[in-house]
Protein chains: 4
Amino acid sequence: MPLNLRGVFAPLPTTFDPASGDVDPAAMAANVTRLMSSKLAGVLALGSNGETPMLDDDESDRIVEAVRASVPRDRTFLVGAGKESTRGTIASARRFAELGADAVLVRPPFYYKAQMTADALVAHFRATADASRVPVLLYNLPGTTGFTLTPPMVAALADHPNIIGLKETSPELERLGTFTTFGSGRFHVLSGWAPVLYPAIAAGAVGGILAIANVLPDECAKLCEAAAAGRHDDALARQRELTPIAQLVSSIHSVAGLKHALDLIGQHGGPVRPPLLALNDRARDEIAHALAAFRAGPHAA
Amino acid sequence: MPLNLRGVFAPLPTTFDPASGDVDPAAMAANVTRLMSSKLAGVLALGSNGETPMLDDDESDRIVEAVRASVPRDRTFLVGAGKESTRGTIASARRFAELGADAVLVRPPFYYKAQMTADALVAHFRATADASRVPVLLYNLPGTTGFTLTPPMVAALADHPNIIGLKETSPELERLGTFTTFGSGRFHVLSGWAPVLYPAIAAGAVGGILAIANVLPDECAKLCEAAAAGRHDDALARQRELTPIAQLVSSIHSVAGLKHALDLIGQHGGPVRPPLLALNDRARDEIAHALAAFRAGPHAA
Amino acid sequence: MPLNLRGVFAPLPTTFDPASGDVDPAAMAANVTRLMSSKLAGVLALGSNGETPMLDDDESDRIVEAVRASVPRDRTFLVGAGKESTRGTIASARRFAELGADAVLVRPPFYYKAQMTADALVAHFRATADASRVPVLLYNLPGTTGFTLTPPMVAALADHPNIIGLKETSPELERLGTFTTFGSGRFHVLSGWAPVLYPAIAAGAVGGILAIANVLPDECAKLCEAAAAGRHDDALARQRELTPIAQLVSSIHSVAGLKHALDLIGQHGGPVRPPLLALNDRARDEIAHALAAFRAGPHAA
Amino acid sequence: MPLNLRGVFAPLPTTFDPASGDVDPAAMAANVTRLMSSKLAGVLALGSNGETPMLDDDESDRIVEAVRASVPRDRTFLVGAGKESTRGTIASARRFAELGADAVLVRPPFYYKAQMTADALVAHFRATADASRVPVLLYNLPGTTGFTLTPPMVAALADHPNIIGLKETSPELERLGTFTTFGSGRFHVLSGWAPVLYPAIAAGAVGGILAIANVLPDECAKLCEAAAAGRHDDALARQRELTPIAQLVSSIHSVAGLKHALDLIGQHGGPVRPPLLALNDRARDEIAHALAAFRAGPHAA
């Protein structure tokens, strides 16, 4: 069965035990089990929402195992595998493939950003795709890395048989639109920016990997469907309802905001790992208010 | 008759006499007469494509007069009126209203960008809108100014009775989407970035002010219609055909590229004013090639 | 007599009549007369501190005439002449030379920043220097323009017989240090950033054009002398005393701050032109406090 | 014996076996032994020049052990201990203290840069300093992190009894100058930018941690002495000679450039870890040429 990348994916937050601060894979698995009763296409473990740069290898592996056991085979299980070195990235991709990842999402190295030339990045992604036993998704996240994967770089990679697409985490849609023309139909682009999901699909994206999908999975899936079907008024209305709460759990309050929203709906959110800070009362109120406003609207599930 | 802002506008390049370097209003008027036989909603004089920062006041006035005489009353005639000082901006807006502008487009001052706080910018636009005899369109062009008009600033201005909308010249569509929710339906947002016209309309824009509309006016208008009607496949195909030539006459080769494309189609392009440089041969070939490719495609008019 | 660029220059704020908002050249001349009793090397009219982008040509000319009449021939009189077009810049340089400028300071055009390639900028400055009857100083002000004049560009210009130096308005001293190695000793670099005056001289600068020199001219001149003489402890102590008040009248509160400081010492400050805003009470208090602190210190004149 | 931070430190590149790509601590130790016969104040292991983000914990520990064994007790041994999480940073700081570090250099976390508010960063550094058994040096490296430690943040940390200073890796000297006024004389600032070493000392720094010090240790130490002694002409001449080769082994060609320079002088440079790329022939020639030019100059040791 070919891998499905169309639709909406939830990038899972990593759950920590409030007392010890250790990872709590069982709580994550419980979150996943609920999400798998929705119309989501799949989940992503160990992305930016997973506080991955703060986990060690053993913690990462335990999370992948727990999530794998909770995702049915007809959904897609993505795992973030990017590290600063090429050898570390390849090692992660191989380990996660063994642990059951359907594909790996690989962010570019960015500590040495001035050295991350087109040649360096293309060689890094090619070496990773050559060595990985599962398909590779590229990851463009300029707000984190401080640079962008450009159309020429992605064009040089999109025909690699083991590179199947790209996640673009930004509200900049000209570049995304160009990416969607690559790869002769077998290269798929997913947006990582919920407030532009409909515009991104208008630009040619096939779906999204969206923090808010952890909270409102079916609502995100329906927006995606409306956009892909060209139901302009419906998609625009759904987008405008979703945007305020989506912003609060991503660009505005980030992982701490997402975890608080999960707590509010009875799922496992819990603490973030320092130096990330817990939300203050005002931020918590904003999220509660926006979630209530969404639920009082016409498109709540 | 209320002012129409829906659809596509051409931001006119200012035509210079090749021998003297002086403005040539008659050549501009000839360009406008051709455009007015298309489906464009109107034109903009003295925008960024008009090399406006390099014109003196007398040159500006002569251009406005010449264009006004060539735009029928059922199309919309916009004129750029932004200056660095509030008093200069007000003086320009008043002069252009007298010369027949239907509305003025006002870019933010940006020489003293660190001082252009929300308070300073809101006061500037309010004073301009209070004093102008014709409606005011805000202008967000972060690539030029180095900052953005933010949603809180625009929210503070969108209910002013003489502020009717905003032009957003960027491929960033989250902010644009938020702007489209302001003003209770009487505040209109136009995109200034042709490669994201369809996504911008998906985000709630009512049209665009697009350099490429000087060259391919009906093709731009049809893309706009397809997007607004939710014909996803048609709009996406038209966008993908238009994007390469649109990029060449805006972000890549700017005004010199636009003028060369006009020369290629038998309109009045001509030289740019230094320090802008004439295109080299390679750039000219790129534009000729992209224009030919567009015309060989399925959606050329 | 060769032009002297060593030492400290005051970039004059333009004085406006509080009632009419019109320029008040007589008040400016009074400020200059006081400055000319200090150890300053000269003054600059129509720089960024002069609110120049908000003045029209007639206002500019009247200012140059008034200041010229107040600067003795043994001091250096610089005038800012940069415009967006090459022809406008040349016209300004010629007019100011006729009105008595000893040299002109030319900022790069920056409205079309993406087009301001090395070729475009070098051609612009060369054409200006070829046409100007007085020597030209280049002006690097990346905080305003959004780009920098790079060492290769400046190297291509530093040997032009009518280009005598560069003003660098930034705290970045690697680039400044490189500039000081150009021109075989006849190309002089002045810092426009008072909080790094001593480090800039350590990097090879010959002096500065500093807003705070309008307020504390002799104190700036003495710091410059201590730095050039290698009196490390003295220069460092003077720099540390000067920096807080210098920051308040430049990067922090800009021209409005500078004008308030002038009002406090009994000189002609007065209002700024909108969209620049008047200072609030807290800012005014900060400046008064810092000025009093400086004057209570060991190095007040 | 109190820890000495005055003078010049070499940030050691990590040596890899060319065949296996594994770390080669013995080669590093040999490099250190040579450096310890110079006038350097000490060395830094596991900084940015050490390719640290690409090392695993075991590799890091082996390097610290090998270097410790090669640094005499009268020199200062610094070790980089920054990780993305506070708990990871504390664990590293403790482990390196046990392995013999005299102090640890802690870079700010920056993956979640939008969340790295003043509160988050101050809490992170305080928790680290509270828990570390050896003193902590803050590390400001905006070119890598995309943000800066600001004067208010550093002021809040400079009085912590276990925070002894800051390394500023940038050519921006206003901020550095402000940092040098903190901590009542017990907070020391070191520059990480060789092309502004003399200006940084003019701004109040006590020395530098400089890639080029691996290659030209005594020459860097003498420049530092000349600057601190106020020998302006000598320091400026030495700075100008050092800058071109220093730029080639840091900002221009980074770690690969530094390693090639070490190979050229018969020390252990060797390969970099991918995605860092080996230098091309032109880059190698540039470095060889600049090194030869330096050695032919008046200040080579």
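Modeller: Buried area is the accessible area, taken with a 1.4 Å probe, that two parts lose on being put together, summed over both. The structure discussed here is a predicted model.

Colleague: What is the area buried between chain C and chain B?

Modeller: The contact takes 38 residues from chain C and 39 residues from chain B. Carbon and sulfur atoms give 61% of the area buried between these two chains. The total comes to about 2,900 Å².

Colleague: Which helix gives the most to the side of chain C that touches chain B?

Modeller: Across this interface there are 16 residue pairs in polar contact, both residues at pLDDT 80 or more. On the side of chain C that touches chain B, at least two residues each come from α3 (86-98), α4 (118-131), α5 (142-145), α10 (232-252) and α11 (254-264). With 3 residues, the helix that gives the most is α4(C).

Colleague: How do the residues on that side of chain C divide into nonpolar, polar and charged?

Modeller: Here Gly is counted among the polar residues and Tyr among the nonpolar ones. On that basis the side of chain C that touches chain B has 15 nonpolar, 14 polar and 9 charged residues.

Colleague: Which residue of chain C meets B:R87 in a salt bridge?

Modeller: Between chain C and chain B the count is 4 salt bridges. The rule asks for a side-chain nitrogen of Lys or Arg within 4 Å of a carboxyl oxygen of Asp or Glu. At 3.1 Å, N to O, the partner of B:R87 is C:D22.

Colleague: Turning to chain D and chain A, which three residues supply more of the area that chain D buries against chain A than any other three?

Modeller: In this interface 38 residues of chain D are in contact with 39 residues of chain A. The buried area is about 2,900 Å², and 61% of that comes from carbon and sulfur atoms. Of the area that chain D buries, 26% is supplied by D:Y111, D:Y112 and D:P275.

Colleague: What is the N to O distance in the salt bridge of A:E59 and D:R87?

Modeller: The interface of chain D and chain A has 4 salt bridges. In one of them the side chains of A:E59 and D:R87 meet. Their N to O distance is 3.6 Å.

Colleague: What axis relates chain D to chain A?

Modeller: Chain D superposes on chain A by a rotation of 180° with 0.0 Å of shift along the axis, at an RMSD of 0.0 Å.

Colleague: In chain D, which residue has the C-alpha nearest the axis?

Modeller: The same surface serves both copies, since 100% of the contact residues of chain D recur in chain A. The C-alpha of chain D nearest the axis lies 3.5 Å from it. That C-alpha belongs to D:G146.

Colleague: Is the aromatic pair of A:F110 and D:Y111 stacked, edge-to-face or tilted?

Modeller: Over all chains the structure holds 14 aromatic pairs. This one crosses between chains, joining the loop between β4 (103-106) and α4 (118-131) of chain A to the loop between β4 (103-106) and α4 of chain D. Planes under 30 degrees apart count as stacked and over 60 as edge-to-face. With 5.8 Å centre to centre and 55° between the planes, the pair of A:F110 and D:Y111 is tilted.

How values were computed. Residues numbered from 1 in each chain as written. Chains lettered and ligands numbered in written order. Predicted model: local features only at pLDDT ≥ 70, side-chain atom pairs only at ≥ 80, totals over all residues. Heavy atoms only, no water. Contact = heavy atoms within 4.5 Å. Least-squares fit on C-alpha atoms with pLDDT ≥ 70 in both. Polar contact = N/O pair within 3.5 Å; in protein donor to acceptor, adjacent residues only side chain to side chain. Helix = DSSP H or I, 4+ residues; strand = E, 2+ residues; numbered from the N terminus. Phe/Tyr/Trp six-rings, centres within 6.5 Å; stacked < 30°, edge-to-face > 60°.
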